[in-house]
Amino acid sequence: MKRKPFPWHVVVFLAPAVAIYSLFMIYPLIDSLILSLQNKDPDGAVVFVGLQNYQTLFSSENWSKPFWNAFWNNIEFFLYHMLIQNPVGLLLAVLLASRIRGGWLYRTIIFTPTILSVVIVGFVWRLVLNPAWGISQGILDAVGLGNLNQPWLGLENTALPTLSLISVWQNIGIPMMLFLAALIRIPDELLEAARVDGASAWTVFWRIQLPLILPTVGIVAVLTFVGNFNAFDLIYATQGALAGPNFASDILGTFFFRTFFGYQLQPGDPYMGATVAGVMLLIILTGVLIYLFAWQRRLQNIQF
Amino acid sequence: MTRPAWLGALAVHVALLAYSALALFPVLLVIVNAFKDRLAIFSAPYALPNAQTFTLEGFRTLQATANFPAYFLNSLLVTGGALFLIILVSSMAAFALAEYEFRLNTLTGLYLAIGIMVPIRLGTVGILQLAVDLNLVNTLWILILVYTAQGIPLAVFVLSAFMRQLPRDLKDAARIDGASEYRIYWLTLPLVRPAIGSVLAISMIPIWNDLWFPLILAPGERTKTVVLGASVFLGQFVNDYNAVLAALTLAIVPAVLLYFAFSQQLIRGITSGAVK
């Protein structure tokens, strides 16, 4: 621009945000990545060890088993969200987008669990599913499936699916709102024209609505991915840091927490903790980059 | 178009009602039972409390064993402080990015945008070390600063997008009148009030509800937030249904009331913030 003197006001405007963000977010992230490349030698001195921590995590006997367990559990956790939360969220959004009377009330109610703290949600469901209270037994009895009742959170093969569904129940409001916002922006004339031509709601959805909201589908997918691979609170609040039973519900967030802070007799290890965080960062960045390059580019190809 | 239209509408209502019931059922169940005695909680979980079964026993246990008013105050201070800082520093930065053309503009914008996708939690090891170095462990300040850093990326993104749409003439007129750049920033703020409301709404929930950072950075009794306090209390009183239900009710009701009061703003915030 035309201004000749050094624009001090630009610096003044930017400095506080850049300083806080750099000091409390970027610097700790970099510091953590550096720590993941260090460890203590037998004398207790900190030494640079390159990628050795990562190698230990992936292949040593003590580390690799819990790490891969948490990793695959996290994939399963993510798949439940992708296959249940997002399609059901989309379905609810399509129903709400039909301008039904009282839509705002349904929307507000369905979003309610999303605003509650994960700790509270975890505990509420722990109570509801607790065989001692017998709520789940009573409901299953009422529909004649009483003998299917189990202590869902306490069994190794049902704990993770149950926790995933609790998380889906809580977070479904987010994809629903994002899909709804995109659906509302589709011009009415377009939908009207299709209906006049005799298209069913089914056809309208697959041929008009879904193609037009594909950018939002991508955003929802990447938000789900980042959120799921960073999840911790629900499992910690419901099952504790040990992510029981027998680590059946352990995901990367809880594994990171235990590695960093230790548990029971195992002492905490900041170097290995930083290593786990480094792997999580890599996973999340991979997901975000796939979204940015593959999904966005394909969308552009479709548009032009 | 063979089926009558009202039948379709009815089906939509049934589906939405069913899902709404599923969304509210566990929450209502907890609130209703929080006011009943132990026997009634187990023998008639779906009944409303009546004169015989009504009790505040759980709330009394709560009062006697945990300092929830103090936890509430901590949560309020942390959330309020972080939101204030987020809005202040992000609006300043967003103003600079939207208003001036300077060499590092795009780069600064991109740098600040990294945090939209990279979760701040992954830097926890570094943050704890920093907190120890700065002597800020077990203070509310460290939580406020970390949440501010967490909120800045999205806030700058939303606010600068909004500020770019403001008409130039207004600001140029003020400049001709001799207003300083700081004064112009100050005059701009009321014009972006809707965007500020959106940023407040989307930033507030994750801060108020967070368990991770209070647990790691400020677990002391004096600095416990509601979520951490509730989590500790619930862990200790697992088998005292009265107390647990009372604690859950106390954590749920204020949040839900606030939500119903600000739901329009919140919903606008979520949809404008995440969809470009």
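**Exercise 1. Which residues of H5(A) and H12(B) meet?**

Solution. Val119(A), Ile120(A) and Phe123(A) of H5(A) meet Val227(B), Ala230(B), Ser231(B) and Leu234(B) of H12(B). Here two residues are in contact if their C-beta atoms, placed from the backbone, lie within 7 Å. Helices are DSSP runs of H or I with at least four residues, strands are runs of E with at least two, and both are numbered from the N terminus.

Next, sort that contact by class: it has 6 nonpolar residues, 1 polar residue and no charged residues. Ala, Val, Leu, Ile, Met, Phe, Trp, Tyr, Cys and Pro count as nonpolar, Asp, Glu, Lys and Arg as charged, and the others, Gly among them, as polar.

A word on the model before we go on. This is a predicted model, in which local features need pLDDT of at least 70 and side-chain atom pairs count only at pLDDT 80 or more, while totals for chains, interfaces and linings use all residues. Residues are numbered from 1 along each chain as its sequence is written, and chains are lettered from A and ligands numbered from 1 in the order in which they are written.

**Exercise 2. At what angle do the axes of H5(A) and H12(B) cross?**

Solution. Take helix H5 (residues 118-129) of chain A and helix H12 (residues 226-236) of chain B: their axes come within 9 Å and cross at roughly 25°. The axes are lines fitted to C-alpha atoms, for helices over the stretch in contact, and angles run from 0 to 180 degrees between N-to-C directions.

That makes H5(A) roughly parallel to H12(B). Angles under 35 degrees count as roughly parallel, over 145 as roughly antiparallel, 65 to 115 as roughly perpendicular and the rest as oblique.

Now for the hand: H5(A) passes H12(B) in a left-handed crossing. A crossing is left-handed if the near helix is turned anticlockwise from the far one by less than a right angle, and right-handed if clockwise.

**Exercise 3. How many residues does the contact take from chain A and from chain B?**

Solution. Chain A contributes 63 residues and chain B contributes 72 residues. On the side of chain A that touches chain B, the elements giving two or more residues include helix H3 (61-97), helix H4 (103-115) and helix H14 (270-303) of chain A. H1(A) gives the most to this side, with 17 residues. By class, the residues of the side of chain A that touches chain B divide into 52 nonpolar, 9 polar and 2 charged.

**Exercise 4. Is Ala251(B) buried or exposed?**

Solution. Start with its place: Ala251(B) is found in helix H13 (residues 241-274) of chain B. Then count: Ala251(B) has 28 other C-beta atoms within 10 Å, so it is buried. A residue is buried if 20 or more other C-beta atoms lie within 10 Å of its own, exposed if 12 or fewer, and partly exposed in between.

Leaving out residues up to four places away in sequence, Ala251(B) touches Ser117(A), Ile120(A), Val226(B) and Ala230(B).

**Exercise 5. What does Arg126(A) touch?**

Solution. Arg126(A) sits in helix H5 of chain A. Not counting residues up to four places away in sequence, Arg126(A) touches Leu153(A) and Thr238(A). With 18 C-beta neighbours inside 10 Å, Arg126(A) counts as partly exposed.

**Exercise 6. Which loop holds Asn138(B), and what is its phi?**

Solution. Asn138(B) lies in the loop between helix H6 (124-133) and helix H7 (140-164) of chain B. Its phi is positive, about 60°, although Asn138(B) is not a glycine. Asn138(B) is partly exposed, with 15 other C-beta atoms within 10 Å.

**Exercise 7. How many helices and strands do chain A and chain B have?**

Solution. Chain A has 14 helices and 4 strands, and chain B comes to 13 helices and 0 strands. Buried residues make up 45% of the 276 residues in chain B; of the 304 residues of chain A, 40% count as buried. One helix of chain B, H8 (residues 168-176), has 9 residues of which 0 are buried, so H8(B) lies largely in the open.
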